[in-house]
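Please have the sequence and the coordinates at hand while reading.

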Amino acid sequence: MINKNFISTLAMTLVATASFAQQSVEYRINGTCPASVKTVYVMDIDGSRPEVIDSAKVEAGKFAINGKSEKDALLGLTTTKKDYRVFFNDGKPITADLTNNVLKGSELNTKLNAYDREVDALSVGLEPLYQQVAKMYSDEGLSQQERKNKLKELQPKIEAIDTKLNARKLEIIKANMDNLIPVAYLGDVIFGLEYNEMKDLLDDSRVYAKHPALNEVKRYYAIMAKKAAFIGKKFVDIVENDVNGTPHKLSEYCGKGNYVLIDFWASWCGPCRGEMPNVKANYEKYHSKGFEIVGLSFDSKLEAWKKAIEDMQLGWINLSDLKGWQTIAGQTYGITSIPASFLVDPEGTIVALDLRGDKLGAKLKEIYGF
């Protein structure tokens, strides 16, 4: 997803940390790791970019780290600075076996580590698939069609594992809403949640809701809340031009007796273009039943916009005022990240938002019966 950073990161950080006092507590970690490892690191992963805050030399496969960090900060222990075992800095001593990725400490951290290893086991097949994707793109001998065919083969396998992973992470979150464990997993599942589910999980009454590690999650939730306010309301009419410069009102298409998907996108938005095959497939399946699409672009360059429409063969009406993020479409509907969409019912009422992937097909099947 591509985002316009319309909320001050500093302001969001202050809000998110309000209930977590800046109290430092000591962490004490004793552990073992493979003899080949020279250094073990402690990472602060509360922020959007994990950073090293401490390290220790390894001697004969053993190490000890003592330091201080904010109370209940989400930290990671690692030998690579990339893959880490997460724990909350609750002041209780930790024993680590980094050969087997086992951490033991407080009841909370021991439980978190058990979940962490379970998730690792579920994701074991992902890395080989990602390596195949990387190799596919680096192989200059492959044609564009061959890459497309290979990606078509690999993508369902990746999505199948991701679906299982995210389903299990959501189960873990819901089983631990009385403690901090959801902090470790909400960032992984948030983009696949319906707004009402997101609202429940991030309710301010939750003990974890204002944890600093959820800053980005809360920012995304704020964006979704602004869009969700349109559900149940009539669409707001706007005027933009088609690719030939002819002005059109949104009301020419919405509220005319058919379901209409208002699709917010841009030619330069990779995730938008990645979603288009799914949008096209649903358009082709349901257009004969009255389903319409209006594309509202966040482009600023006419030729790039036109070329994208031609390249992807988008057969529905496409409109833009070519003002980029300042487009009237974004300002009217509070769109600060794309891709985004609203589904408008035959009477012109907005009934759903951000129907991407399987969600779009499922909703249209519910509407049209096949």
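## The chain as a whole

The model is a predicted one, and its chain holds 11 helices and 17 strands. Along the principal axes, the C-alpha atoms fill a box of roughly 75 × 50 × 40 Å.

Of the 370 residues in the chain, 46% are buried. Among the contacts with a separation of 6 or more, 65% are made by residues 24 or more positions apart.

## Helix H9 and its two sides

Helix H9 spans residues 302–312, and within this helix Trp 305, Ala 308, Ile 309 and Met 312 are buried. Seen down the axis of H9, these buried residues fall within an arc of 95°, so they line one face of the helix. An α-helix has 3.6 residues a turn, so residues three or four places apart point the same way.

On the other side of H9, Glu 303 and Glu 310 are exposed. The buried residues of H9 pack against helix H8 and several strands, namely E10 (239–241), E12, E13 (292–297) and E14 (317–319). After H9 comes Gln 313, which has a positive phi, near 55°.

## The packing of H8 on H9

Two packed helices are described by the angle between their axes and the distance between the axes. For H8 (residues 270–286) and H9, the angle is about 45° and the axes lie 11 Å apart, which makes H8 oblique to H9. The crossing in which H8 passes H9 is right-handed.

On the H8 side the contact involves Arg 273, Met 276 and Lys 280, which meet Ala 308, Asp 311 and Met 312 of H9.

## Helix H11 and its cover

Helix H11, residues 358–368, has Leu 360, Leu 364 and Tyr 368 as buried residues. They cover an arc of only 50° around the axis, which puts them on the same side of H11. The face turned away from this buried side carries Asp 358, Lys 365 and Glu 366, which are exposed.

The cover over the buried residues of H11 includes strand E12 (260–265) and H8. E12 and H8 are also among the elements against which the buried residues of H9 pack. H11 is followed by Gly 369, whose phi is positive and near 85°.

Notes:
Residues numbered from 1 in each chain as written. Predicted model: local features only at pLDDT ≥ 70, side-chain atom pairs only at ≥ 80, totals over all residues. Heavy atoms only, no water. Axes fitted to C-alpha atoms, helices over the stretch in contact; angles between N-to-C directions. Helix = DSSP H or I, 4+ residues; strand = E, 2+ residues; numbered from the N terminus. Parallel < 35°, antiparallel > 145°, perpendicular 65-115°, else oblique. Left-handed = near helix turned anticlockwise from the far one by under 90°. Contact = heavy atoms within 4.5 Å. Buried < 20%, exposed > 50% of the residue type's maximum accessible area, 1.4 Å probe, protein only. Arc of directions from axis to C-beta.
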